[in-house]
Amino acid sequence: MSIQFPNLGINLGYVGKSIQIFGFEITFFGLVIALGMLLGMGFVILEAKRCGENKDDYLEMMIISLLLGVVGSRMLYVLCSWNLYKGNIIEIFNVRNGGLTFYGGLFGGMLGAAIYCGARRKSFMQMADTASMGIVIAQIIGRWGDFFNRESFGEYTNSIFAMQLPLSAVRSSEVTSAMRENLETIGGTSYIQVHPVFLYESLWCLLLFLLMLVWKRKKHFHGEVFLKYLAGYGLGRFCIELLRTDKLMIPGTSVGISQLISAALFVICAMIAVVEETMAKKRAARRRRRREQDYEAQERAAREAEAEEYRDRLRLERAFADGDAAGVPEVYNGTASAYEHDSEEPEETSSVEEGHPEEDPQDEENTEKIVEEENSVAEDFYEEDSEKDTEEISEEEALPKASGTENYVEENAGISEEETVAAKNPTASEEDEWLYSQPRRFAKKPAHEQKD
């Protein structure tokens, strides 16, 4: 029998419900459902491989979920249509005559996945993020099974997507008074014109799938994609159920079971997703602030250490410069050979070596004693000088007691004041930069070179 979309100009002359393979009748509904499941499982395995997860775990979980999903789908339909099966229990197992619900299969599959994850100690919500993308792919394709079965259509409409079905091809219980009033006869066949609800749901699931691809790459917590999928599908299914005429009602009421479940899923899952996402963002912000604070503390400590090292080096340079300006040769003249380069030997030593090419062992011992005494005097000078630098330097302490003119005293007093400012402020002046650029003439040489 034909199916037509008059406002789109589409006329399908013949759309069968089943085919014969080796004498077995196989419905297109079952083939399309199986194709959707296979494609969904294939996508889940590829996505798990892309994310570096174990694809075998997903395959095992999906097999268990599929089995329990079929059982759950049939059980929910039987519970809501118990009047049809209470007189014939065996008919419950005859799935070929139809009677499956999506939400029953969804909850059965979730139960199977939860059992598997609990037994294998896996994260259910983490695996559900990827598995839910396979479910929505199966829905995009599987909903077209209703097209071949002439099911899942809505009330009469004359919209652009209006679909015409032969009156004899649908169940009489699903035909409303509005459909009968607007029957159209084409070639002697009466057609009803209805909403193609299966098409709406397939397009809605396609939109969800595209959104889930974005959510998967920007998710903030495990289970975010799964929860948003449930909330999004619940919202769309609730609106679609308002159009359907073949609703599955709760026994004794006029409330559709799918519409009630859809509303509950949207409200509950949306609230959980919003709360969890907000908390995840706050936790991420706290971790980011903590990292920034640690980084700033490290940078501050490094700057302070660098500034302290610079101040210490500047104090030492200025102390040596003050010693030269004050004319303190008695401290350094005797130890020049211990601090200057090997090639810069003092004249006294060279003269002694020229006049006495061969020295007695006793002279060598006396020389070593003199060098040791000079080194000890130099170390005492360094210790006294460093103790003075740690304290706040005044003008009188900064001035050496060596003889000189009043101008010399004024120059040293000015240096002492600048030194006090430099000790408090690590910023170097032009004079500090000049001092820092001078060669380190008083760098202490190793002990074995001092003895030589």
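## Paired strands

Let's start with strand 5 (residues 163-166), which pairs with strand 7 (residues 189-194) in the antiparallel sense, over four bridges. Bear in mind that this is a predicted model. Across that pairing, Q164 sits opposite Q193 of strand 7. In a regular strand, side chains alternate between the two faces of the sheet. Look at strand 5 and you'll see M163 and L165 pointing one way, with Q164 and P166 pointing the other, and all of them buried.

Another antiparallel pair joins strand 3 (residues 18-21) to strand 4 (residues 24-27), again over four bridges. Here S18 has T27 as its bridge partner. The two strands make a hairpin with two residues between them, and F22 in the turn has a positive phi of about 55 degrees.

## Salt bridges

The whole structure holds 20 salt bridges. One of them joins D57 to R120, with the closest N and O atoms 3.6 Å apart. That pair ties together distant parts of the chain: D57 belongs to helix 2 (residues 55-80) and R120 to helix 4 (residues 102-120), 63 residues apart. D57 is buried, at 6% relative accessibility, while R120 is partly exposed at 39%.

R244 and D246 also meet in a salt bridge, at 2.9 Å from N to O, and both are buried. They belong to a salt-bridge network that also takes in R143, D146, E201, R237 and E241.

## Along helix 10

K281 and E277 form a salt bridge too (3.5 Å, N to O). They are four residues apart in helix 10, so about one helical turn separates them.

K282 lies in helix 10 (residues 257-325) as well.

Note on methods. Residues are numbered from 1 along each chain as its sequence is written. This is a predicted model: local features need pLDDT of at least 70, side-chain atom pairs count only at pLDDT 80 or more; totals for chains, interfaces and linings use all residues. Side-chain values use heavy atoms; hydrogens and water are left out. Two strands pair if DSSP finds at least two bridges between them. Buried means under 20% relative accessible area, exposed over 50%, partly exposed in between (1.4 Å probe, protein chains only). A salt bridge is a side-chain nitrogen of Lys or Arg within 4 Å of a carboxyl oxygen of Asp or Glu.
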